[in-house]
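The stops below follow charged pairs.

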Amino acid sequence: MIRIKYPEKAGLCQKILSKKTLELMDIIRLNTIIAESGSAENVSYNQKLKSYDKRAILQILDHQKKHQMNNSQLAAHFKLSRNTVAKWKKMFY
């Protein structure tokens with residue numbers, strides 16, 4: 001898909017795609033690279049379709065601790081709802 005639709009971004013994605021196994025965080029990074037120029041409507045629609053497993057949620061929450069972010073900053077960084085972040089923290093901490 002990247003080579004066909006976004007050949008100019010293939011170089012940016014190559015490091016991530018060269019891994020043997022892709023984790024959810026890798027997929028999120030790829031999506032961010034590809035969708036940079038997307039419209040706000042597309043971004044909003046795509047966000048509704050995302051789902052996260054326990055491992056990815058814990059990685060996101062660890063990212064919050066590592067970078068000393070509050071819930072609003074983390075939500076903006078990963079394009080999540082603040083309520084989602086709060087719910088995850090209640091579930092896992």
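Which residue forms a salt bridge with Lys19? Select Asp26: its closest approach to Lys19 is 2.9 Å between N and O atoms. A salt bridge here is a side-chain nitrogen of Lys or Arg within 4 Å of a carboxyl oxygen of Asp or Glu.

This is a predicted model, in which local features need pLDDT of at least 70 and side-chain atom pairs count only at pLDDT 80 or more, while totals for chains, interfaces and linings use all residues. Residues are numbered from 1 along each chain as its sequence is written, and side-chain values use heavy atoms, with hydrogens and water left out.

Colour by accessibility next. Asp26 is buried at 3% relative accessibility, whereas Lys19 is partly exposed at 40%. Buried means under 20% relative accessible area, exposed over 50%, and partly exposed in between (1.4 Å probe, protein chains only).

Helices are DSSP runs (H or I, at least four residues), numbered from the N terminus. Arg29 is partly exposed, at 42%. Through shared partners, Lys19, Asp26 and Arg29 join into one network.

Now select Arg55 and Glu23, a salt bridge with its closest N and O atoms 2.9 Å apart. The pair links distant parts of the chain, 32 residues apart: Arg55 is in helix H5 (residues 54–66), and Glu23 is in the loop between helix H2 (10–17) and helix H3 (24–34). Arg55 is exposed at 53%; Glu23 is partly exposed at 32%.

Key:
Helix = DSSP H or I, 4+ residues; strand = E, 2+ residues; numbered from the N terminus.
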